Amino acid sequence: MKSTLFIIALLLSVVGVAQDSSKVKVETPKIVSKLQLGKLMHFDTVDIKFVEVVTDSRCPKNVSCVWAGEATVLIDIFKDGEKIEQKKLTFDSSSRLQSQIANIFASEGLNIGGLDLSPYPVYGEKLEDKDYYIQLMVSH
């Protein structure tokens, strides 16, 4: 009888400790959003507009290239309706492999970064301007 009570007490104490969530640190969720060329996306008091693809010299799929190439885009940043900055972002294969995120906007409660430019070029297929979009990483 004593051993049964001891086992029950032990199980209850383990369950009680396992349910303690005060020591668990929860990471802020990150959201990936698609911003198409020419479109504006609203975040709190900040608006981001994908203005232009300046260059896209990325090596197309199914082609062997000496240099992987890169793509450069222009982004307009608006705060409370006023344009505060224009940024030039460069996306290349090394930043993609290293999971580097181009910083677009950062404040105390909001971080916006450029994750990738899509679609990736494919040999023999022409990309239209309307096809381009930037993947934005947003965290609050």
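How many disulfides does a search of the whole structure find? The search finds one. Before looking at that bond, keep in mind that this is a predicted model.

**The disulfide**

A disulfide is a covalent bond between the sulfur atoms of two cysteines. Here the partners are Cys59 and Cys65, with an S to S distance of 1.9 Å. The torsion about their S-S bond is about 80°, so the disulfide is right-handed. Cys59 has a relative accessible area of 11%, which is under 20%, so Cys59 counts as buried. Cys65, at 38% relative accessibility, counts as partly exposed.

**The overall layout**

Now step back to the whole protein chain. It contains two helices and eight strands. The protein chain has 140 residues, and 29% of them count as buried. Its accessible surface comes to about 9700 Å², and carbon and sulfur atoms account for 55% of that. Contacts that span the sequence are part of the picture too: among those between residues at least 6 apart, 48% join residues at least 24 apart.

**Strand 8 and its partners**

Six of its seven residues are buried, so strand 8 is largely enclosed by the rest of the structure. Strand 8 pairs with strand 1 and with strand 7.

| Strands | Sense | Bridges |
|---|---|---|
| Strand 1 (residues 30-36) and strand 8 | antiparallel | seven bridges |
| Strand 7 and strand 8 | antiparallel | seven bridges |

In soluble globular proteins, nonpolar side chains tend to be buried together. In this model, the largest nonpolar core has 22 residues, and the members that touch the most others are Ile48, Phe50, Val73, Ile75, Ile104, Ile112 and Leu136. Which elements give two or more residues to this core? They are strand 2 (40-43), strand 3 (46-56), strand 4 (70-79), strand 5 (82-92), strand 6 (102-106), strand 7 (111-118) and strand 8 (133-139).

Leaving aside neighbours within four places in sequence, Val73 is in contact with residues including Phe50, Val54, Leu89, Phe91, Leu117 and Ile134. Glu52, Lys87 and Lys88 are also among the contacts of Val73.

Conventions. Residues are numbered from 1 along each chain as its sequence is written. This is a predicted model: local features need pLDDT of at least 70, side-chain atom pairs count only at pLDDT 80 or more; totals for chains, interfaces and linings use all residues. Side-chain values use heavy atoms; hydrogens and water are left out. A nonpolar core is a set of buried Ala, Val, Leu, Ile, Met, Phe, Trp, Tyr and Cys residues joined through side-chain atoms within 4.5 Å. Buried means under 20% relative accessible area, exposed over 50%, partly exposed in between (1.4 Å probe, protein chains only). Helices (H or I, at least four residues) and strands (E, at least two) are DSSP runs, numbered from the N terminus. Contact means heavy atoms within 4.5 Å. Accessible areas come from the Shrake-Rupley method with a 1.4 Å probe; for residues, only the protein chains shown count as cover. Two strands pair if DSSP finds at least two bridges between them. A disulfide is a pair of cysteine sulfur atoms within 2.5 Å.
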